[in-house]
Number of protein chains: 4
Amino acid sequence: MGKVKNPFLVVNPKSYLYGKKILQLAESTDKIAEKSRLQIFFTCPFTDIRYIREHTHFIIVTAQHMEYLKPGRGMGHILPESLQEAGAGAVFLNHAENPLTVSQLSKTIIRAKKLGLITIVCADSLLEATAIAEFKPDILLCEPTDLIGTGQVADDSYILKTTEQIKSINPDIAVMIASGITTAEDVYNVIKLGADGTGGTSGILKAPDPVRRVQEMAEAVLQAQRDRKNVTGRQ
Amino acid sequence: MGKVKNPFLVVNPKSYLYGKKILQLAESTDKIAEKSRLQIFFTCPFTDIRYIREHTHFIIVTAQHMEYLKPGRGMGHILPESLQEAGAGAVFLNHAENPLTVSQLSKTIIRAKKLGLITIVCADSLLEATAIAEFKPDILLCEPTDLIGTGQVADDSYILKTTEQIKSINPDIAVMIASGITTAEDVYNVIKLGADGTGGTSGILKAPDPVRRVQEMAEAVLQAQRDRKNVTGRQ
Amino acid sequence: MGKVKNPFLVVNPKSYLYGKKILQLAESTDKIAEKSRLQIFFTCPFTDIRYIREHTHFIIVTAQHMEYLKPGRGMGHILPESLQEAGAGAVFLNHAENPLTVSQLSKTIIRAKKLGLITIVCADSLLEATAIAEFKPDILLCEPTDLIGTGQVADDSYILKTTEQIKSINPDIAVMIASGITTAEDVYNVIKLGADGTGGTSGILKAPDPVRRVQEMAEAVLQAQRDRKNVTGRQ
Amino acid sequence: MGKVKNPFLVVNPKSYLYGKKILQLAESTDKIAEKSRLQIFFTCPFTDIRYIREHTHFIIVTAQHMEYLKPGRGMGHILPESLQEAGAGAVFLNHAENPLTVSQLSKTIIRAKKLGLITIVCADSLLEATAIAEFKPDILLCEPTDLIGTGQVADDSYILKTTEQIKSINPDIAVMIASGITTAEDVYNVIKLGADGTGGTSGILKAPDPVRRVQEMAEAVLQAQRDRKNVTGRQ
């Protein structure tokens, strides 16, 4: 699984936060990552990658999208090298709000690997995840579009089936389950059931105290990990 | 023409440069802007807007694209507020390498105006420029796609006709002509013929000494301005 | 206004109907067009253009979209010549469900004019309509996206303002108002207020008897025309 | 392999031909299909599907693209049901000139299967083909974009490797190789090397006598099949 640790947490503010406000959340999340030693991916607008990188030390600053162009033309496009030099360590690809063609996705993952960027690739169904697994992303996020932003969690059998099936194709791909994760309980449940990682957007940003919510989620991930070990001996 | 001065110069490295290398060119351009007092727009990848803003004082840091979404969802999309807070003072829209639908363009220009971002909007023909003029961009760049990157300059009659026609629709819109501008002579000619501004990408980046090319272009703009005044008294 | 008559009616089944079922509605509409002598545009899937053309004589078979490519490559794209030879006499462009970039729209309207296809071009706001008017479409359909499919009609002042403003830019462009037109009363009102044409999708297809609804709408258009003449003498 | 026979030939006029001219080629191809008993897929613009279906009996009329929408809204989009009722028996998907997102491709193949349409799905590399194979298309066309329209044929080792690898993933998927196929010799070679099918666009349309070229290609396919059997006993 390379640089991806099991378990991990993704804090994904999408386009809700930017500038000073996202920096505040990033700094708080950085302290949580430091204390808990949990691997936390933190996404931000492209404009804030360097800003957050310069003020944090433990979180992996994560771009929300990228293209496969090389340095040259490409007015307004998202150049991988520009993300990397700014300090991004990972990148989301093929999110339902920013989908890629089969060919773009294949080529962009190849570019990310060459630059050493961790890829978090979204799939809209288990069938799509199976296809995308052929591209060997670092993390595969299986997230039925219908559930995004609804606060509705994928049910246990879905989580179990998804995790097992992707692991059976390629055990080196980390499985992330994040559909409708809102509370620390949701986080605990998903990790306990076998997902390598999870994360949230509105569950965090709409919480009364977003930093506290991140703190609780980090603890829930680690508690689920301990409980998994106790039962199965699984790492 | 609001915050846009006549004449102006646009240094547009597209995706050729990023990180430290674009910062170097930005800092050199900033000195040229300071000494010459010429208004210079300098475009950069989204990741480098704040980086360049923090190290320069005279150039207008310019985003290469933007969308009209508001803070919220929009994974990987280009939020206007994120550009502005990072320090962008202007934004290119509808470039041939990143075209917008009629509706997107209309809505994005409205968003830019509300945020106080100068809009540099591209048109692929004089007819398209005439339509786009209705959206009242600050700067209208009329650039037949066929000429982009060819090093072939639009001919004099095209420049005269384009400038006059756009001015006749709305004298408050600055006219930029940049097709195939390579040398300082090209720059001089275009401004002398009446364009409010011009700029370049490969003409600058592929020059033996890019900073010197920017310097020469800046001087050519100002010389053309002086020569225009001498002849016509026109500002 | 060329081949466009004032008033006119547009029957637009979008992708609700195809094959035999759309042919039935087309044949019934053709009889209504014959008896009423009203100009009726009838849209259909690309596959059904020739089918409907071969079985009707009075309606103008109308494509729902088109691109500006020329014969050659373009796998799966919508070639203007293929629509024309199949029997299309008109084409919708820039519908909110199929928007075009500024450049595509400009070039596609030029292609349509050369082939003699009537263009019905959609705009999402009055501002966008003003810009699109520069491309001289035959019919301009001003339809705020928010209202599409809601059954909510644009209010009277919107209809009056839109019609007047587009006429003031170019009196040769026919103005179509169709937002949320459901009943014959809606149709009457819009034409009475000065629109050159109107039309509907769900208002027709979800009516208890779609053919009868088309019949009523056709009568309402003609009655509104007569009442307009009586009041204003306007043609 | 269901309704797909081994070997098969694809005649793909893209947007070069339409109306009467494509009908002529289709009718000639139909006679070739009848006499040779070879399975021939014949693509055409959407407007000509029914036209060709009504005048031919042996070729499989093939749409060049389709979307996954269901009957309803979808102005100008390509409704699967409309293709099927018009007489299409197969559909190309994800062609390099009309690429689909991962999610669109997955969903559109599912729609095609439900309607009984044979899917011919394009991949831009062997890696992409491997991923797409998970969606179980009927025919997988592996065609590096760089070679399309160049008249340059993929080399023998590429053909062998591609065919074997896709067969090893799923022996039920027919493998089509078509990069730069121009002559009957190219066709013979590809089928002899193990591809299930091949086809062409410019190789046919730019031939001095396109019908004769189709005839020669059909013979080459069958001859290669016989020679394959003689050597390997393979069907």
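Student: Let's start inside one chain. Which helix is Thr162(B) found in?

Tutor: Thr162(B) is part of helix α6 of chain B, which covers residues 156–169. Keep in mind that this is a predicted model.

Student: Is Thr162(B) buried or exposed?

Tutor: Thr162(B) has 0% relative accessibility, so it counts as buried.

Student: And what is Thr162(B) in contact with, leaving aside neighbours within four places in sequence?

Tutor: With those neighbours left out, the contacts of Thr162(B) are Leu126(B), Cys142(B) and Ile177(B).

Student: Switching to chain A, where is Ile204(A) found?

Tutor: Ile204(A) sits in helix α8 of chain A, residues 202–205. Its relative accessible area is 1%, which is under the 20% cut-off, so Ile204(A) is buried.

Student: What are the contacts of Ile204(A), again leaving aside neighbours within four places in sequence?

Tutor: Ile204(A) is in contact with Val11(A), Pro210(A), Arg213(A), Val214(A) and Met217(A). Take Val11(A) from that list: Ile204(A) and Val11(A) are 193 residues apart in sequence, yet their C-alpha atoms are 7.8 Å apart in space.

Student: Nice. Now the interfaces: how many residues of chain A are in contact with chain B?

Tutor: On the chain A side 37 residues take part, and they are in contact with 37 residues of chain B. The two chains bury about 3,300 Å² between them, with 57% of that on carbon and sulfur atoms.

Student: How many salt bridges are there across the interface of chain A and chain B?

Tutor: The rule finds 4 salt bridges across that interface. One of the pairs meeting in a salt bridge is Arg73(A) with Glu97(B), at 3.9 Å from N to O. There are also 24 residue pairs in polar contact across the interface of chain A and chain B, both residues being at pLDDT 80 or more.

Student: Which elements give two or more residues to the side of chain A that touches chain B?

Tutor: Those are α1 (19–36), α2 (49–55) and α3 (80–86) of chain A. The largest share comes from α3(A), with 5 residues.

Student: What rotation superposes chain A on chain B?

Tutor: A rotation of 180°, with 0.0 Å of shift along its axis, and the RMSD is 0.0 Å. Thr47(A) comes closest to that axis of the residues of chain A, its C-alpha lying at 2.3 Å. The copies meet through the same surface, because 100% of the interface residues of chain A are also interface residues in chain B.

Student: What about chain C and chain D?

Tutor: Chain C is superposed on chain D by a rotation of 180° with 0.0 Å of shift along the axis, at an RMSD of 0.0 Å. These two copies are therefore related as by a two-fold rotation axis. In chain C, the C-alpha of Thr47(C) is nearest the axis, 2.3 Å from it.

Student: How far apart are the closest C-alpha atoms of chain A and chain C?

Tutor: They lie 16 Å apart, and no contact joins chain A and chain C. Chain B and chain D do not touch either, with their nearest C-alpha atoms 16 Å apart.

Student: Last topic, helix α1 of chain D: how many residues does it have?

Tutor: Helix α1 of chain D has 18 residues, 19–36, and reaches 26 Å from its first C-alpha to its last, close to the 26 Å expected. Its buried residues include Ile22(D), Leu23(D), Ala26(D) and Ala33(D). Just after α1(D), Arg37(D) takes a positive phi of about 60°.

How values were computed
Residues are numbered from 1 along each chain as its sequence is written. Chains are lettered from A and ligands numbered from 1 in the order in which they are written. This is a predicted model: local features need pLDDT of at least 70, side-chain atom pairs count only at pLDDT 80 or more; totals for chains, interfaces and linings use all residues. Side-chain values use heavy atoms; hydrogens and water are left out. Contact means heavy atoms within 4.5 Å. Helices (H or I, at least four residues) and strands (E, at least two) are DSSP runs, numbered from the N terminus. The expected span of a helix is 1.5 Å times one less than its number of residues. Buried means under 20% relative accessible area, exposed over 50%, partly exposed in between (1.4 Å probe, protein chains only). Copies are superposed by least squares on the C-alpha atoms of residues with pLDDT of at least 70 in both. Buried area is the accessible area (1.4 Å probe) that two parts lose on being put together, summed over both. A salt bridge is a side-chain nitrogen of Lys or Arg within 4 Å of a carboxyl oxygen of Asp or Glu. A polar contact is a pair of N or O atoms within 3.5 Å; within protein, one must be able to donate a hydrogen and the other to accept it, and residues adjacent in sequence count only if both atoms are side-chain atoms.
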